[in-house]
Amino acid sequence: MDPQIRQDLITYLREFSTESRWERIQEIVQKRTRHLTVVVEDIYQPHNASAVLRSCDGFGIQDVHIIENKNEFEPSSQVTIGADQWLTIHRYNQPKVDNTELCFNTLKEQGYKVIATTPHKEDTNLNALDISGKTALVFGSEIDGISDRAMELADGFMKIPMYGFSESFNISVSAAVCLYNLTRRLRTSEIPWPLDTEEMEELKLKWLRQSIRAGEELEKAFFEGN
């Protein structure tokens, strides 16, 4: 969309949004990042899927990449509490395609370093993970973990330090722990992590559309009048 038309549309739709909602949109968009992104591979339990999405929203991660080679990703609205509507979700579920490879290649083309979150002989501790460049964190299924194919294609491996008898956390807990650690470090660094102006404007429009009843009809009326 032409930037000026988008700006005019935002101004128009703001008339139908509450002032508190608009202020919240402007506040949150400043805190969103694509410097870090999350990839989930073949998660099948709705509770875990939903908890990961809610953590992404809560920690300001805008994009979530969902690989569905074996299992369909089905979040539960009772757990997400609407968090998923504020995210940009990319699904990789093409038939007869290695969707893990498709996802990883897409991310690498966008400049991401793909890091598999799993204990590995060449892994890096979460606290020492280098996030100076764009980083995609990959989380695997509840039972099998990250697939062998994901391990093969990943650029690196990262583990959460553990001090008990358990060797790993539940996937939803792992995602929350990793995102808390990394976003805290990111936001106190000099890394240019915020979205650019174009991305912010696109999200403002998207979120306004979702915040207004009869948004599609209002947008149609806007274009008919212009």
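Visitor: Let me start with a side chain: which backbone nitrogen does the side chain of Asn 99 reach?

Guide: The side chain of Asn 99 comes to 2.9 Å from the backbone nitrogen of Gln 94. Please keep in mind that this is a predicted model.

Visitor: Where does Asn 99 sit, and is Asn 99 buried or exposed?

Guide: Asn 99 is in helix H5, which covers residues 99-109. To judge burial, look at the relative accessible area: under 20% is called buried. Asn 99 has 1%, so the residue counts as buried.

Visitor: Which residues does Asn 99 touch, leaving out those up to four places away in sequence?

Guide: With those left out, Asn 99 touches Ile 67, Glu 68 and Asn 69, as well as Tyr 92, Asn 93 and Gln 94.

Visitor: Let's turn to salt bridges. How many salt bridges are there?

Guide: The rule asks for a side-chain nitrogen of Lys or Arg within 4 Å of a carboxyl oxygen of Asp or Glu. By that rule the count is 14.

Visitor: Why are Glu 27 and Arg 24 separated by about one helical turn?

Guide: Because the two are three residues apart in helix H2 (residues 19-29). As for accessibility, Glu 27 is partly exposed at 34%, and Arg 24 is partly exposed at 43%.

Visitor: Which residue forms a salt bridge with Arg 149?

Guide: Glu 101 does, with the closest N and O atoms 2.9 Å apart. Arg 149 belongs to helix H6 (residues 148-153) and Glu 101 to helix H5, so this pair ties together parts 48 residues apart in sequence. Arg 149 is partly exposed at 26%, and Glu 101 is partly exposed at 29%.

Visitor: What is the N to O distance in the salt bridge of Lys 159 and Asp 123?

Guide: The distance is 4.0 Å. Lys 159 is in strand S7, while Asp 123 is in the loop between strand S4 (113-117) and strand S5 (124-125), so parts 36 residues apart in sequence are tied together. Lys 159 counts as partly exposed, at 35%.

Visitor: Now the backbone. What should I know when reading phi angles?

Guide: Most residues other than glycine have a negative phi. Here, Asp 42 is not a glycine, yet its phi is positive, about 60°. Asp 42 lies in the loop between strand S1 (36-41) and helix H3 (46-58). Lys 96 is another non-glycine residue with a positive phi, about 55°. Lys 96 lies in the loop between strand S3 (88-92) and H5.

Visitor: Is Asp 42 buried or exposed, and is Lys 96 buried or exposed?

Guide: Asp 42 is buried, at 8%, whereas Lys 96 is exposed, at 90%.

Visitor: What volume does the largest pocket have?

Guide: The volume is about 490 Å³. Of its 21 lining residues, the closest to the centre are Thr 117, Pro 119, Ser 168, Phe 169 and Ser 174. To read the lining, sort it by residue type: nine are nonpolar, eight polar and four charged. Strand S7 (156-159) and helix H7 (171-187) each contribute at least two lining residues.

Visitor: Which residues does Ala 176 touch, leaving out those up to four places away in sequence?

Guide: Ala 176, in helix H7, touches Ser 55 and Phe 59 under that condition. Ala 176 and Phe 59 are 117 residues apart along the chain, and their C-alpha atoms are separated by 8.5 Å. Ala 176 is partly exposed, at 23%.

Methods. Residues numbered from 1 in each chain as written. Predicted model: local features only at pLDDT ≥ 70, side-chain atom pairs only at ≥ 80, totals over all residues. Heavy atoms only, no water. Helix = DSSP H or I, 4+ residues; strand = E, 2+ residues; numbered from the N terminus. Buried < 20%, exposed > 50% of the residue type's maximum accessible area, 1.4 Å probe, protein only. Polar contact = N/O pair within 3.5 Å; in protein donor to acceptor, adjacent residues only side chain to side chain. Contact = heavy atoms within 4.5 Å. 1 Å grid on protein atoms, 1.4 Å probe; cavity = no way out; pocket = protein on both sides within 12 Å on 5 of 7 lines; lining within 4 Å. Points joined across faces, edges and corners; volume = space filled by probe spheres on them. Nonpolar A, V, L, I, M, F, W, Y, C, P; charged D, E, K, R; others polar.
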